[in-house]
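Have the sequence to hand and get the model up on your screen. We'll go through it strand by strand, then turn to a few loops and side chains.

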Amino acid sequence: MKYKFLILSFLLSSIVFSQKKELKGIITDSINNPIIGATVLLKDTEDNFINYSLTDENGNYLIEINNATNKYILEISFLGFKTEKETILIDKSTFIKNYSLVEDFVALKEVLVEEHQKVTIQQDTTFIKVKSFSNNTEQTVEDILKKLPGITVQKDGTIKAHGKTIDKLLVEGEDIFNQNYKILSRNLDANTLEEVQILDNFEDNPILKSLSNSNKVAINLKLKKGLENVWFGNINAGYGTEKRFKENVNIGLLRKKIKGFYFLDYSNLGSNTSDLLDGNFGQMDFSMNEKIELKSNKVLNTNLFENSFFQTSQINFNKGLLNSLSFTSKISNKTIIRTSINYFNDSQLQNQNQILNYTLPNETIENSEQSSFNKDYKNSFGEIEVKYLSSDNSYFTNYLKFNFSPTELKNSVTFNTNENIENINQTDNFIVNHLENTYKIGFNKLLQNYIYIGLNSLNEKNKVFSEKLNEYFIVDSNKTIIQRVKNNLFYSGIKSSYLYKKTIFESSSTIQFHFEEEISNSKINTLENESLQSNIAEFNKTIISFNQVTKIKLLKNLKFNSNLNSNFTNLNSSNFFLYSFQNNLHYKTPKKGSFNLSYIINKKLPENYLINQQNNLIDYRSFNKGSKNIEAITSNTLLLNYHLDLDKRNFSIDINTELKRTNKLYSYKTTINNDLLFNENIILGKYNSYNLSFILTKYIKPINLVSKIENYNNWSTVPLQLSNESPINYKNYSSSFKISNSTIFEKFPNFDFGFSYMLNKSSFQNTSNKNNFKEYFINLNYDEIKNFVFEIKNSLYVINNEKYHFLNLIASFNPNNSNLTLKVIANNLNDENVFIIQTVDNFTFYQKTINLVPKYYLLSLKYQF
């Protein structure tokens with residue numbers, strides 16, 4: 001009955017009756033040729049936006065009007081023509097108005113001048129010519145984006161433009177990969193790119209775009225001429241010493257009604273294909289136009305050592321497979337279908353030796369651990385999205401997302417003198433569907449209704465042989481222990497929003513109902529099925545939420561935004577009143593940049609795993625247990641951002657600061673007993689965190705140099721408790737600084753060179769640790785010998801006074817008028833084999849020795865079509 005009510009509410013709120021009028025006509029030039037893509041804008045006499053249309057291939061436009069007035073302002077504009085603006089009277093149901101635009105020779109002259117510039121700007125779009133910032137050594141789209149003004153690519157592949165994380169990465173104006181755009185940016189050949197466009201105030205929803213002021217940003221990739229209506233791409237195969245190989249296929253098709261890409265990559269050169277997936281789950285956002293996707297937290301630990309120093313090709317022993325097919329198809333003028341089917345497989349090997357010292361109040365316990373990991377991760381992932389513009393006033397989307405992901409981890413480990421073996425199996429499956437309708441009920445009002453339903457099934461199994469565990473459970477020393485954890489999460493809800501806009505004021509009100517049920521069943525047995533531990537945890541949650549967003553234009557360049565949310569939450573029959581409140585001041589001018597000041601108060605409940613009373617085994621010698629107490633945590637956050645983009649001068653600067661404090665925190669109370677770790681989440685004291693980042697990019701024209709300076713800093717204080725001792729603060733400071741430069745000469749060798757420095761300081765009780773990391777790099781790119789391109793990559797790393805020198809060589813040969821390219825790669829010619837790193841995490845001191853990828857040579861042949 002509950003779901004019938006949700007569906008009925010959705011359908012009823014999407015049906016609105018109103019009297020409609022039609023304004024239509026044809027837009028031509030002075031010799032009566034139709035103008036395609038002209039903007040026809042309709043406003044009321046107070047300059048409030050009503051509706052708009054773009055002319056089709058025959059110059060036709062059509063605007064539907066739901067308004068009782070008869071007097072309007074009509075404005076027609078197109079690049080290279082003078083803008084027409086007229087007050088018109090529409091007093092009948094169908095009104096026809098044709099226009100002939102006059103060429104604007106001044107504007108045409110400006111366009112011709114800008115044609116030769118590296119960067120041009122037209123309204124909300126910044127056009128960047130790729131060739132002006134390339135030295136012909138870039139392999140992928142991501143390599144190109146890293147060098148462009150106004151764009152930043154983070155280490156995990158996330159792309160920012162004009163200081164904001166991008167909403168979409170489009171190809172020829174089409175969204176093909178949605179949030180998983182790293183599949184595109186890290187696989188599409190850089191040689192296909194002609195231009196990169198930064199789209200400010202981007203909005204994918206055409207109804208919202210006509211009314212709401214978006215603050216999102218997107219990037220559109222324009223490919224080279226000649227790639228339309230043909231199959232294009234490349235096939236590459238390479239084999240080398242040390243059993244190294246790389247095979248990949250890259251195919252694209254761009255037609256008027258269908259656009260798509262197929263990527264196949266299979267190699268053991270260090271890249272993890274699973275890193276290409278977007279992992280943004282677990283967010284409950286009550287605002288309008290935000291999707292809800294939730295997943296259960298995994299119990300078993302399958303994470304390997306994460307390298308933050310070297311490149312993955314230097315440290316990652318991995319065999320990775322990517323098989324991806326994504327396309328978008330225009331079924332009709334009103335219907336678009338986007339489909340993406342992907343398969344990922346990463347097989348990783350990692351051997352490490354480490355010293356672990358536990359610093360206790362009265363003693364230090366010294367341990368040693370030798371581990372050999374073998375991890376196999378598979379993921380089958382798919383998306384089907386349908387977009388349907390039923391009329392100029394109604395827009396539907398249905399987005400189905402599904403995933404099947406098994407993981408297996410085998411670990412042979414010697415802890416001190418005890419031999420341990422653990423085999424972990426995880427299967428993580430989910431499916432979620434989003435149905436949304438946006439309906440415009442007037443020239444300045446709209447309704448948006450959104451229904452979602454999701455299911456996550458997480459099954460985990462750990463088979464462990466450990467003498468210490470057997471002693472703890474009081475079983476024979478030769479027995480194997482098995483833990484099984486089954487998590488089932490179901491959630492659904494409906495969200496309805498009403499948006500109203502005037503010239504200087506915008507308001508959106510959202511009501512949401514959310515239901516969530518999670519059941520976790522944990523059992524620990526011997527291999528002979530002797531029961532050692534069994535319990536079930538259930539979490540039933542119901543949320544009724546109201547959210548109010550208000551945007552006010554105070555002055556020409558000054559805006560005020562507020563976001564107030566209050567919600568009533570029932571968790572396992574306990575009631576909580578929760579809230580969040582955000583105020584934001586935004587000041588922006590073209591020459592001085594933009595300033596953002598935000599203050600956020602947020603009161604929310606802990607995630608389920610923090611209050612799960614099951615005493616779960618997370619690896620061969622560690623247990624985790626949730627807190628007995630359920631309390632809401634209040635956090636206060638102050639954000640300050642300054643961003644300036646002078647794209648025509650090829651200059652950008654981005655400064656961000658964040659100060660966050662919580663009144664209390666769920667943190668670990670840790671007890672050590674007979675080499676076993678027991679972690680219990682308890683409520684401790686305040687948490688403080690401060691972040692500061694600075695990014696500057698500048699193109700220095702006299703010497704053809706692109707220079708970028710990056711600096712990131714974090715200070716944090718986290719309360720911890722060891723056994724029954726008093727809580728102690730764990731303090732950490734991390735900082736990184738990097739300056740990188742690239743020359744762009746046409747007739748001389750080009751260089752990529754720079755320096756980076758990382759510092760990490762941590763302290764707990766009387767123990768402190770400091771790590772220094774430095775990197776000096778200089779790469780030479782030379783293509784002045786006919787048909788040849790040479791690259792020399794030279795990096796020197798200094799970690800705590802230990803030096804590691806990597807030298808890589810790449811030589812490419814492309815014969816005249818040939819689609820073939822021959823490439824030779826020499827990796828790690830100095831044959832660096834291991835590195836040592838020291839860290840302090842909570843009360844534990846680690847010194848790890850990790851193997852590095854040895855020297856190898858690889859020969860590859862690439863065919864481009």
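Start at Glu385, whose bridge partner in β23 is Tyr399. To get from β22 to β23 the chain goes through a hairpin of 2 residues. This is a predicted model, by the way, so read every value here as computed from it.

Now look at the other partner of β22. Strand β21 (residues 335-359) and strand β22 (residues 364-391) are joined by 25 bridges, and they too run antiparallel. If you want a spot to check on screen, find Gln354: its bridge partner in β22 is Glu369. β21 and β22 also form a hairpin, this one with 4 residues between the strands.

Strand β35 (residues 651-662) runs antiparallel to β38, with 12 bridges joining them. Here Lys660 stands opposite Ser689 in β38. β38 also pairs with β39, again antiparallel, through 13 bridges. In that pairing, Asn691 stands opposite Asn714 in β39.

Where does the chain sit between β38 and β39, and what does Asn704 do there? The two strands form a hairpin with 4 residues between them, and Asn704 takes a positive phi near 50° in it. Most residues other than glycine have a negative phi. The loop that holds Asn704 runs between β38 (687-700) and β39 (705-722). Is Asn704 buried or partly exposed? Its relative accessible area is 24%, so Asn704 counts as partly exposed.

Asn828 is buried, though, because its relative accessible area is 1% and the cut-off for buried is under 20%.

The patch is formed by Trp231, Ile235, Leu820, Leu822, Val824, Leu859, Leu861, Tyr863 and Phe865, which together have about 810 Å² of accessible area. Which strands supply at least two residues each? They are β17 (231-240), β45 (820-827) and β48 (856-864). Take Ile235 as an example: it lies in strand β17 and is partly exposed, with a relative accessible area of 43%.

In one of them, 4 strands follow the order β3-β2-β5-β6 with antiparallel pairing. Its edge strands are β3 (49-54) and β6 (84-89), each of which pairs on one side only. On average, neighbouring strands of this sheet are turned by 20° against each other, direction ignored. Strand β2 (residues 39-43) is joined to β3 by 5 bridges, and the bridge partner of Lys43 in β3 is Phe49.

The other open sheet has 3 strands in the order β11-β12-β13, also with antiparallel pairing. Here the edge strands are β11 (151-153) and β13 (164-165), which each pair on one side only. Between β11 and strand β12 (residues 159-161) there are 3 bridges, and Thr152 stands opposite Lys160 in β12.

Finally, the aromatic rings. The structure holds 27 aromatic pairs. One of them is Phe755 with Tyr776, a tilted pair at 5.0 Å centre to centre with 40° between the planes. This pair links distant parts of the chain: Phe755 is in strand β41 (residues 750-764) and Tyr776 in strand β42 (residues 767-782), 21 residues apart. Phe788 and Phe790 form a stacked pair instead, 5.7 Å centre to centre with 5° between the planes. Phe788 is partly exposed at 31% relative accessibility, and so is Phe790 at 32%. Elsewhere, ring pairs link Phe177, Phe232, Phe261 and Phe263 into a cluster.

Key. Residues numbered from 1 in each chain as written. Predicted model: local features only at pLDDT ≥ 70, side-chain atom pairs only at ≥ 80, totals over all residues. Heavy atoms only, no water. Patch = residues over 30% accessible without salt bridge, like charges linked within 9 Å, V, L, I, M, F, W, Y side chains within 5 Å. Areas by Shrake-Rupley, 256 points an atom, 1.4 Å probe, with all protein chains shown as cover. Salt bridge = Lys/Arg side-chain N within 4 Å of Asp/Glu carboxyl O. Buried < 20%, exposed > 50% of the residue type's maximum accessible area, 1.4 Å probe, protein only. Pairing = 2+ DSSP bridges. Axes fitted to C-alpha atoms, helices over the stretch in contact; angles between N-to-C directions. Phe/Tyr/Trp six-rings, centres within 6.5 Å; stacked < 30°, edge-to-face > 60°.
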